[in-house]
Amino acid sequence: MQPSSSRRVTIVDVARHAQVSTTAVSKVLRNAYGASPEMREKVRRAIDELGYRPLAAARGLRGQTYTIGVMLPDIRNPFFPEILDGVTTRLADTDYQVLLGPGCNGEKEEARVTEAMIDRGMDGLVLVAPVSSRSRLERVASLVPTVVVGRHGNSPVYDTVTDDDMAGAALVVGHLASLGHRRIAHIEHHETDPTRIQEMPNAQRAEGYRQAMRDHGLGNAIDVVATSYTPEGGYQGAKELLARTDRPTAVFAGADVVAMGVLEAVSEAGLTVPGDISVAGYDNTSFAALGPISLTSVDQAGRAMGDNAARLLLERIADRLKTSVQVKLSPTLVPRRTTAPPEVSGDA
């Protein structure tokens, strides 16, 4: 007997349709021990035919809501959807649904989002490049299984997934130096908090740039401008660099969104890329490969980062006491048309 279309389908309706007990349906929904493959098939078929959807609140009372909260610091940055794609692809064959929350690059905003996710009984959290203190991250992780993406360091209570940002910066500097550049500048994200200087990817990239410049014998040419990881930050940083008497022949922007601002400033100054100045970014976002832009960039495998984060989170949901894991992925350089040898000069 089909339930009336005017009311919500219940577990009782599923049991009657499948001709099993409500206990059997409950076992299948909870993936509990004691349900045979045949019973699982009957219940799943009944669920599909009736369009049964368990109430999230009711599932929460049984211990799980099958929701994963993902905090993104900036929904306008095109790199972060790459991570999200990796998370959702890994969870596609599970019962979990992903709900997003914007962190807005601020500690107060992050706190509001994470507390809201915890209050709503989410089974786990993926925090992407959080700016909160280590102590706050550990408090969150003590309440709900947590994986932190894009932040270095480690903790006994949460897992981490990062890119080797030092190596990625070295790839950019090595590429530009091999083309003949000597005046290679870097635009970084301004940071003052001691812990974040150690752990955030922007600080790691800046340090990787400095170390690589020294490794290539260019220590005296180190030139860093601190603004923000935004197009506006890239624009302001490039304006400052272009005003120098000995302006750089190449700019390593700490993120592709920063490079977009650099390209705008260079064009506004009546200069060309890469004729007058080479530009490289970081993240290998989708727009970097667009023909009119063709931005040289570092690919830090955003989808793989998201995939690993979801995998680790499922493992931590299953075992809250497991030893924490730190995954560090190896970046690759993708050279495109925004980098080329500098114009011939004695001090290039």
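**A loop with a cis bond, and its surroundings**

Modeller: Pro274 lies in the loop that runs from α12 (256–268) to β9 (278–280). Helices (H or I, at least four residues) and strands (E, at least two) are DSSP runs, numbered from the N terminus. The peptide bond between Val273 and Pro274 is cis, with omega at about 5 degrees. This is a predicted model, in which local features need pLDDT of at least 70 and side-chain atom pairs count only at pLDDT 80 or more, while totals for chains, interfaces and linings use all residues. Residues are numbered from 1 along each chain as its sequence is written, and side-chain values use heavy atoms, with hydrogens and water left out.

Asn284 lies between β9 and β10. Is Asn284 buried or exposed? Asn284 counts as buried because its relative accessible area is 17%, where buried means under 20%, exposed over 50% and partly exposed in between (1.4 Å probe, protein chains only). The side chains of Asn284 and Asp299 make a polar contact of 3.2 Å. Such a contact is a pair of N or O atoms within 3.5 Å; within protein, one must be able to donate a hydrogen and the other to accept it, and residues adjacent in sequence count only if both atoms are side-chain atoms. Setting aside residues up to four places away in sequence, Asn284 touches Asp256, Ser297, Val298, Asp299, Val334 and Arg336; contact means heavy atoms within 4.5 Å.

The next loop, from β10 (297–299) to α13, holds Ala301. Phi of Ala301 is near 55 degrees, a positive value in a residue other than glycine. Ala301 is partly exposed, since its relative accessible area is 28%. Tyr66 has a positive phi of about 55 degrees as well, and is not a glycine. Tyr66 sits in the loop between α4 (56–61) and β1. At a relative accessible area of 11%, Tyr66 is buried.

Arg205 belongs to helix α10 (residues 201–215), and with a relative accessible area of 4% it is buried. A polar atom of the Arg205 side chain lies 2.8 Å from the backbone oxygen of Gly254. Neighbours within four places aside, Arg205 is in contact with Asp165, Ala169, His186, Tyr229, Phe252, Gly254, Ala255, Tyr282, Asp283 and Gln300.

Now the nonpolar interior. In soluble globular proteins, nonpolar side chains tend to be buried together. A nonpolar core here is a set of buried Ala, Val, Leu, Ile, Met, Phe, Trp, Tyr and Cys residues joined through side-chain atoms within 4.5 Å. The largest such core has 27 residues, and those with the most contacts inside it are Ile68, Val70, Val126, Val128, Val147, Val149 and Val161. Two or more residues come from each of β1 (67–72), α5 (80–91), β3 (124–128), β4 (146–149), α13 (302–318) and β11 (326–329). α13 gives the most, with six residues. Another core, of 23 residues, lies apart from that one and includes Ala259, Val262, Leu263 and Val266.

Not counting residues up to four places away in sequence, Val161 touches Val147, Val148, Val149, Gly150, Arg151, Met305, Asn308, Ala309, Leu312 and Val327.

Two pairs show how sequence and space relate. Pro342, in the segment after β12 (332–334), is buried at a relative accessible area of 16%. Pro342 and Leu179 are 163 residues apart in sequence, yet their C-alpha atoms are 7.4 Å apart. Gln19 lies in the loop between α1 (11–18) and α2 (22–29) and is exposed at 70% relative accessibility.

The C-alpha trace spans about 85 × 40 × 30 Å along its principal axes. Of the 348 residues, 51% are buried. Among contacts with a separation of 6 or more, 69% join residues 24 or more positions apart.
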